[in-house]
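Subject: Structure handover

Hello,

Here is the structure for you to look through. Please open it first and then read my notes below.

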Amino acid sequence: MQIKKTAVVFTCVLLVASLLAGCGPKKQSLPAIRFLADDSEAAKKYAQGLQEIFRKNLGIELVLENVDFKTRLQKMRDQDFDLVFAGWGADYNDPMSFIDLWVTDGPYNDVGWSNEEFDELVTLAKTSTDQQERMEAMAKAEKILLDEAPIIPVYWRQRNFAEHPWAKGIVRTAFAPSNEWKWAYTEGRPGGDNELNLNLGEEPPDLQSVTCTDTVSIDILNATLEGLVRMNPDGVYEQGSGLAESWTVSDDGLVYTFTIKDGLKWSNGEPLTAHDFEYAWKTVVDPRTASQYNYIMFFVKGAEDVANVEIPDEEEDPEGYKDAIAELQEALDNMGVQAIDDNHLVVTLEAPSTFFLSLCAFSTYYPLNQKAHEQWGEGYATEVDKMLYCGPFVIDEWKHGSKMVLKKNTGYWDADNVKLDSIHFDMIKDINTPVTMYEANELDAIGVPGDFIPKFQSERPDEFKQMPEAVSFYLECNLNHPLLKDPKVRQALSLALDRQEYCDNVLRNYSEPAYAYCPPSMQGAEPGEVFVEKYLKDYLPITGDVARAQKLFKEAVEALGYEAPEPPTK
Amino acid sequence: MLRYNPKPEDFIPLTLDEKESDAITRPPIGYWQDVWMRFRKNKLALTGLAILAILGIMAITGPIISQWDYRECDYGHFNEFVSSSHWFGTDYLGRDMFTRLWHGTRISVFIGVTAAVIDLVIGVIWGGIAGYFGGIVDDIMMRIVDILYGIPYLLVVILLLVVMEPGLASIIIAMSLTGWVGMARLVRGQVLQLKEMEYVLAARSIGASPRRIIARHLIPNTMGVVLVSLTSSIPGAIFGEAFLSFIGLGVPMPQASLGTLANEGYQVLRIYPQNMIIPAVAMSLLILSFNFVGDGLRDALDPRLRQ
Amino acid sequence: MGRYILRRFGFMLISLWVIVTVSFILMNAVPGGPFTSVKLTPLVEKQLERKYGLDKPRWQQYITLLKNLLRFDLGLSIRERGRSVNDIIKYTFPTSAVLGLEALTFAVTLGLALGIIAALYRGKGLDYAAIIIAVIGVSIPNFVVASILQYVFGYKLNLLPIARWESFKHTILPAFALGLGTLASMTRMMRSSMLEVLSQDFIRTAKAKGLTSAQIIWRHGVRNAILPIVTILGPLTAAITTGTLVIERMFGIPGLGKYFVESIYNRDYPMIMGTTVFYSAILLFMTFLVDIAYGLVDPRIRIARGKGD
């Protein structure tokens, strides 16, 4: 009897207690945050390091989703992510190459972020000719971006490489082409001088300058072709450095007149003229070429109109096709590039640009011989003898997927300054093999994979070097996520991220903690001035501010009606 | 002529012992007991079994006795060599290799056994039905098997893994999807032979249903061969997962399998060889012992090899 | 026999069609497309799809694919711009085949020898030695073997090249690393097959007839024991001559293997289809050949099949 009574009382107490518990303001547990990242070995480690930092500092557990590169891009495009580890590399040396990604409805604005003031500042920076004004506008825009934090900058990558002491004069830049071999030479090379053995890592997928987008192909093209200008080893674009002898610019900065050098020849002996440039540039934007880098040509007047012509299928709609071709022809005729004779090329720009000359050194702007291009059609530049050369080197041998040999181009206008006789490239994708080959002196220079840094530091400190890259890595937040839609939550994430610790302890590859979004390799108002250093130095605390982050996160999360997690104490 | 008449004294009653001398004193030896007896004599197989047992115990207790969590990063101690606080050293993120190794063993064995068992179940049912019924049923079923056999395994697995959400389940499904085919062929071949046996005929003539014949007579009698094949398909699946890890499709982070561990170690082989050697040795031991056990089992199961 | 061959051949074609269809469906289910890249704009994507005929409805693409396959035209690779898939296969397959066959020759000859020795000395030291070699071969992943070989023979001893694909010398290390696994399974199979044959009655008869043991082993043992191994030789050849991915990557060998994986990562649809069809065709054809050869060699099979059909 006694026992029964106790049981009844106990049950009642339990019932009341559970009722009371249900009464107060109901707190839901935190919704999961999925964290999308690539699935390469390195990317997995980096993502996991980040997951660990957020777990330690905020007590949240990101759900890792490592997928292959293209799946990630597709998911980003479909906004099928909560948080994603993404990166962007510059196309040209101006902060705009990074900033204009985030304008409202921009093609790369995966997070769907929109801010009117930001948009206005970007438009101002795009149209102004006053460098100072432009830089200030972009700096202000970047501050808005960092405050609203639809993206959270994490780090700026460095490039690590090693070269033997006898390999000299290879110019490495933060922008494509990343390796310039024109001025390379050797001194006391064990296998004989004036030769280099290097590893490309893979078969160059596309050696057609008008469509090529990948760094491997761009490096090869830079060695075998040449634009109107070529960057000097000290990073400037001088008159006469490329195929143009000189140029003049109109007072409003819109019209460039290039004089092409006399007596230039393609590798088959045909003369190389201003017409080859006109043909190439028009081919880049022609919708039938479907070149991914056509937007780099959009600085030229009327280029975008050409690219926007929609051409229907010839068989399905012959009438529409004919009309579209006529429209295309008209747009091409109106495009601001014209060879007035064999030696003169007149280029009209959409708006004055401070970096147009650097673009003229880029592979998309290289010349193309119409006859050869049409003769080989789709097969152009797929074999040694199906392409023409006009740069410091020609391709002598190309065994697909295995090796490529470049030989000095004796017909090159500046052949006297090319010291190398040949460059032998392997295409080995593996990580360990090239290191072993480098140690055996079978390769003269290699990129050093992250894991090998300590080894090179201790064993070959004089051969191991770093340089900055024009690449920025950041987290993108899905603004529809129940937590991430709140700017405070995003700021808390940004503050909780101890970027210094992340670079020192997880990446360990000399990457720089990002205190802003644009990497320091982007130039400011004048050469030598670093944009972020001048305008945004330490805008984000690189060691984070964990206490503030925890407070901010707790407030924001509770205001949203969720229970804030307790960070682990340790 | 001398005749002898037996007298009662000539007869002595049997003693208790003698009475029982006709009975079978040794307990009857069943098929499996017989197998075990022969298996026991095989030193290699026994060693394999012992190693498997040790690995199994370590996989269960290893992560428990370690003071580290398998995913916990000990910042400042990266790629460290064997020490008193990290018994097998640490990896790139400062995670304890001892804990990760046994955690990985667990996952690898889990993948191997699950994939192999799925293969076994589907394969035995499929092969059993095809083999028993023969004719058009067999033809259709085996043509399906042949087609699946012709599909490049790698292609299907990779495509599936890219299509599905990454995870343990996806890996097991992808591997089983084409993996059961071999088992089905094997079982069918066996059943084709067995169904001509007299005892099957006997069962059929007393009206046993096909289900009963397959389940009670045919499948149990193919078990020997199937078991041997199982001991080679478990290491096969473990290897398969290791290969997938090598091309970046292994178990998702921060989980670990022996394959992902070996692959992570491979990235740093030239600098911190212990990070690859330890998981590689564990994997080799695991596969080695499965193979030894498999060989031993096959020898033990095949009475013709009896000497 | 003629009808049988014809049937098998017809079946081969049907299998191939099923494989193409399944691959087509799977391939299109993978997220992202051949042009997906960080800097792709929707405008160019549309232009590219038009150019490669990917803007057409799926069923139309499928019909075009089948039509082209009937003409043995695998189309243009999207990733390696301007090169046809036929050319890429024509260029890379011989390399893979040379490597594969070299590995196979080494693995089969040595594997058979080891297997025979192990069987003859069953339960003795030599048997254990062979088993241990075999099992170690099966249980060490080939990328481990390969990097050890590279380090020891290429770098430390400087006897053989570390990588590259130029002369016979360059093929030794990769062929060895590739063949080791097969060598091991060959040994195990030959051993058990040999043991089984040696316990048969006709061996006893042969012994009773007073044949020398060498004659028994060769004429009656090995010849019969090798039969089951022939059956797996077909698929094995197909697998080893195309599935050399890991080894190719490590030694920088321009073979077909890498395309199996990379074409999927690159969403290079024509290349995925090309490698699939090519591989399946080889595999099916090898199985077909082996079936027929086996049918010719072993009359029992023919009878059993006749019944089964």
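Predicted model: local features only at pLDDT ≥ 70, side-chain atom pairs only at ≥ 80, totals over all residues.

Residues are numbered from 1 along each chain as its sequence is written, while chains are lettered from A and ligands numbered from 1 in the order in which they are written.

Confidence. The model scores ipTM 0.82 and pTM 0.84. Chain C averages a pLDDT of 83 (the predictor's confidence in each residue, from 0 to 100). In chain C, 93% of the residues score at least 70. Helix H3 (residues 58-70) of chain C has the highest confidence in that chain, at a mean of 92. Helix H14 (residues 299-308) of chain C has the lowest, at 45. Residues 301-309 of chain C fall below 50.

Chain A. It has 18 helices and 19 strands. Both are DSSP runs, numbered from the N terminus: helices are H or I with at least four residues, strands are E with at least two. The C-alpha trace of chain A spans about 115 × 65 × 50 Å along its principal axes. Of its 570 residues, 48% are buried (20 or more other C-beta atoms within 10 Å of a residue's own, with C-beta atoms placed from the backbone; 12 or fewer is exposed, in between is partly exposed).

Helix H18 of chain A. This helix holds 14 residues, 546-559. At 1.5 Å a residue it should span 20 Å, and its end C-alpha atoms are 20 Å apart, which agrees. The expected span is 1.5 Å times one less than the number of residues. Its buried residues are A:Ala549, A:Gln550, A:Leu552, A:Phe553 and A:Val557. Their cover includes helix H2 (41-58) and helix H15 (487-496) of chain A. Just after H18(A), A:Gly561 takes a positive phi of about 90 degrees.

Contacts between chains. Two residues are in contact if their C-beta atoms, placed from the backbone, lie within 7 Å. In a second contact, 16 residues of chain B meet 25 residues of chain A. The chain B side has 12 nonpolar, 2 polar and 2 charged residues.

Best wishes

How values were computed
Nonpolar A, V, L, I, M, F, W, Y, C, P; charged D, E, K, R; others polar.
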